[in-house]
Amino acid sequence: MSVPEKNDRFYNAFLKLVALAGLGIVVFSVYRLPVARLDWQFWSLIVFALILGSRIAIKIDSTRTSISIIDIFTILIFLLNGSEAAILLGALEAYLSSGRYSKKILFRLFNAGTIGLSFFVAFRIAQSIFVRPENPGAEIVSLQNLGLVAVVVFVHYLVNTGIVAFASSFRYRKSFAAVWKEHYFWMFVPFLSSGSAALISAGMIDHLGFVSFLIMLPIIGIIYFTYQSHHEKLEAVTAQAKLTETHLIEMKESEERFRAAFSNAPIGIALISNDGNWIQVNESLVKILGYGESELFARSVRDVVHQADLIEFLSEIGAVVQRKKQSFQAEMRLINRNDEVIWTQTSVSLLNDSQNSRLICQVQDISARRRAEEKLRHDAFFDSLTDLANRNYFMERLDEALERARSGEEFAVVFVDLDRFKLINDTVGHTIGDRVLIGVANRLRNCLPKFSTLARFGNDEFWVLLEKPGDRERVHELVDEIQNQMSLVFGIFGQEITVTASIGIVFSDSGHLTGEDVLRDADNALHLAKKRGRHCSVVFDDTMRAAALHQNRLEKDLYRALERRELYLVYQPIVSIGGDQKIGFEALIRWKHPELGVVSPAEFIPLAEENGLIVEIGAFVLDEACRQLRYWTDLFGEDFPLAVGVNVSSRQLLQTKFVAGVIQTIEKYGIAPHCLKLEITESIVVDNSDQVLSILRQFRAMGLQLSMDDFGTGYSSLSYLHRLPINSLKIDRSFVSQVTLGNDTAEIVKTILLLAKTLKLETIAEGIETADQLEFLRSHGCDYAQGFLLSKPLETAAALEFIHKFNADFNPGFSAAYEPDHSIFQN
């Protein structure tokens with residue numbers, strides 16, 4: 001066969017054209033690059049990509065090409081940082097990696113241009129079809145991004161392979177279609193794998209943080225090098241097998257060469273007769289089967305074939321003998337001398353010799369590979385700690401149950417979640433915690449009837465699928481038994497561990513379309529069980545579905561509430577009751593929904609805490625409160641004793657830029673730091689004590705006031721209260737409401753007031769609703785009062801009027817038109 005004539009003139013012209021186009025795209029991408037959005041995670045990905053991108057590659061010998069993981073990094077950068085950054089990474093890495101194969105600048109520029117051009121076209125087309133969401137809470141792994149990546153992969157594959165195929169067709173005067181079909185048609189699968197891996201990696205970074213991606217890198221490396229080692233060994237074995245087959249075909253010309261190849265082959269080889277008897281075997285086959293050569297000849301071939309594979313084996317051998325097919329290849333089981341099952345890759349064909357009545361059988365031991373595959377399959381569907389089914393397996397069974405439910409078969413799903421399991425890990429350690437999980441799994445196994453699937457999704461979440469549950473009463477009896485079993489003490493390493501469980505239940509008559517719908521509703525039922533005090537069960541019903549839909553609507557609308565200026569502040573007065581004429585306000589967020597009216601903070605603040613929007617809302621509250629404080633200060637003067645308190649959530653406080661944001665807001669409005677009070681809860685300090693202490697000390701050094709909100713409501717702060725750099729304690733309304741009822745609450749409040757006085761902290765009582773409560777607090781030394789008795793939360797105009805009325809004596813010239821009524825605050 002003649003070598004195709006080269007056509008370097010058109011070839012070089014085409015390379016220059018592509019390189020020039022790629023250079024233009026690179027310049028355009030540099031100009032459009034959003035530098036301000038490129039954080040440390042981006043640069044970390046760039047470093048990993050440039051170091052590992054083309055070095056981790058699977059060589060494709062037939063095309064003298066390789067598949068690298070650089071496309072994974074490029075598409076990952078696209079998902080996280082935009083198309084311009086991704087194009088620059090792809091082009092730069094292509095240029096650098098090409099240097100290891102060729103020193104020609106034009107060749108390297110062509111490769112970089114090909115990558116830049118193919119990704120540019122792919123990103124543009126994909127983004128024109130799927131508009132990527134801009135809101136910060138958008139999920140990375142979504143149907144929209146799945147479609148986006150699919151289009152990117154498909155277009156990138158077509159353009160990239162098309163450009164390279166055109167170059168080859170120009171150079172060797174072959175048709176484009178022939179070149180592309182021969183060398184590049186099959187490569188769509190690795191392109192698609194790269195896109196899938198990028199989307200999965202982006203989802204991991206989005207949900208679990210960038211550390212999860214770093215953890216995956218060594219795992220990817222292990223998988224790659226394991227595969228590479230196996231690939232090399234497999235290539236060596238395949239090459240030897242081909243060599244052996246060549247020797248057999250040429251047996252007439254060189255019998256010695258055939259015998260050498262037969263005897264020394266690394267795979268088992270045997271000559272067998274048409275009636276299934278051994279004629280000749282090599283040493284490798286003897287080792288695989290464990291028999292001596294004489295022992296093996298005393299048996300027929302059928303004696304070493306596993307009974308489950310024997311019928312198919314004999315049938316295929318018969319087809320080969322009758323020349324209905326040229327050869328037979330299959331993965332089948334053989335039995336060795338110790339009656340152990342050996343998985344083999346077995347190939348049988350007629351030996352083309354003068355006798356024309358012998359079969360050549362090649363046997364490769366693949367037991368290790370099969371064990372690895374079985375372990376991978378097991379790991380893909382079962383939990384490594386408890387050996388229960390995992391989410392993947394459970395969802396397959398649930399989907400099957402849903403399909404049968406359409407024909408009238410019933411099922412039920414029970415979601416079991418251990419109460420406060422994190423406390424076990426935190427107090428006695430994860431080793432004992434894991435033992436508890438194993439014990440829980442075993443107890444659940446013993447509880448369940450037939451036709452049940454038990455799975456662990458992660459940590460302390462256990463799911464049960466009852467495929468033939470019977471009536472609901474039987475399901476409730478099962479749940480009661482589960483609760484009883486969970487309540488029994490676990491004895492582990494000499495320690496007694498007690499756990500309880502909250503349970504959500506869903507029945508198949510709830511109208512679910514998908515397995516995810518079932519899980520969602522079971523999760524909603526479980527959360528309601530948690531709210532009811534834990535250690536109980538809740539059955540999902542239509543009322544809960546309506547509540548869940550309402551919550552879902554609120555969450556979606558909350559993202560747009562800030563943009564639409566639907567959120568606003570009200571101010572509840574905090575007044576001195578200890579003799580000083582001081583006044584302050586607590587800034588409280590409100591939401592006026594255009595359709596639902598005023599939505600209670602008790603509804604939307606927990607949602608904001610869960611989805612992270614609380615950080616943006618908190619920034620709005622801080623800015624708006626400082627702006628209003630600046631207005632009042634301009635109105636009454638710098639010496640006017642007025643302070644505004646702002647509630648700070650844990651997610652907001654622990655933001656790395658929170659301190660800088662507070663400083664920037666104070667400087668923006670030019671307010672005195674001591675006029676701003678940040679209110680934090682006990683739980684923030686308890687959960688993050690060292691980090692929070694450092695942040696609070698920075699605020700105190702700036703002169704801000706700090707107050708502990710809801711003091712005494714569930715967390716014991718006495719052990720570290722003296723360490724906190726706070727100015728005041730707020731006594732929770734749950735105590736204030738009972739101080740005049742003649743129970744122990746009055747003594748608790750007295751103790752808190754005495755403790756605060758000892759630590760030289762001011763005290764604020766919130767939720768005051770009666771004059772008797774106010775008198776009690778004032779008589780026992782409380783400094784400030786807040787509650788509906790004094791005033792409900794006020795909008796800005798009403799708050800201004802309140803200031804006038806309360807402080808008419810502070811600036812008579814400004815407030816002469818108002819008649820203050822201070823009788824309620826006098827002794």
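Which helix holds Ile-663? Ile-663 is found in helix H24.

This is a predicted model, in which local features need pLDDT of at least 70, side-chain atom pairs count only at pLDDT 80 or more, and totals for chains, interfaces and linings use all residues. Residues are numbered from 1 along each chain as its sequence is written, and side-chain values use heavy atoms, with hydrogens and water left out.

**View 1. Ile-663 in helix H24.** Helices (DSSP runs of H or I, at least four residues) and strands (runs of E, at least two) are numbered from the N terminus. With a relative accessible area of 30%, Ile-663 is partly exposed; buried means under 20%, exposed over 50%, and partly exposed in between (1.4 Å probe, protein chains only). Pro-673 lies ten residues from Ile-663 along the chain, and their C-alpha atoms are separated by 9.0 Å.

**View 2. Thr-453 in strand E9 (residues 452–458).** Thr-453 is buried, its relative accessible area being 4%. Leaving aside neighbours within four places in sequence, the contacts of Thr-453 (heavy atoms within 4.5 Å) include Tyr-393, Phe-394, Arg-397 and Trp-463.

**View 3. Helices H15 (residues 391–405) and H19 (residues 515–531).** Their axes come within 9 Å and cross at roughly 105°. Axes are lines fitted to C-alpha atoms, for helices over the stretch in contact, and angles run from 0 to 180 degrees between N-to-C directions. H15 and H19 are therefore roughly perpendicular to each other, a term for angles of 65 to 115 degrees. Arg-391, Phe-394, Met-395, Leu-398, Asp-399 and Leu-402 in H15 meet Gly-515, Glu-516, Val-518 and Leu-519 in H19.

**View 4. The largest nonpolar core.** A nonpolar core is a set of buried Ala, Val, Leu, Ile, Met, Phe, Trp, Tyr and Cys residues joined through side-chain atoms within 4.5 Å. Of its 83 residues, those touching the most other members are Ile-583, Ile-617, Trp-632, Leu-653, Leu-676, Phe-699 and Leu-729. Helix H22 (residues 614–636) gives the most to this core, with nine residues. Not counting residues up to four places away in sequence, Ile-617 touches Leu-558, Leu-562, Leu-567, Ile-589 and Ala-608. A second, separate core of 42 residues includes Ile-46, Ile-72, Ala-122 and Ala-165.

View 5. The mean pLDDT (the predictor's confidence in each residue, from 0 to 100) of the chain is 82, and 84% of its residues reach 70 or more.

Methods: Parallel < 35°, antiparallel > 145°, perpendicular 65-115°, else oblique.
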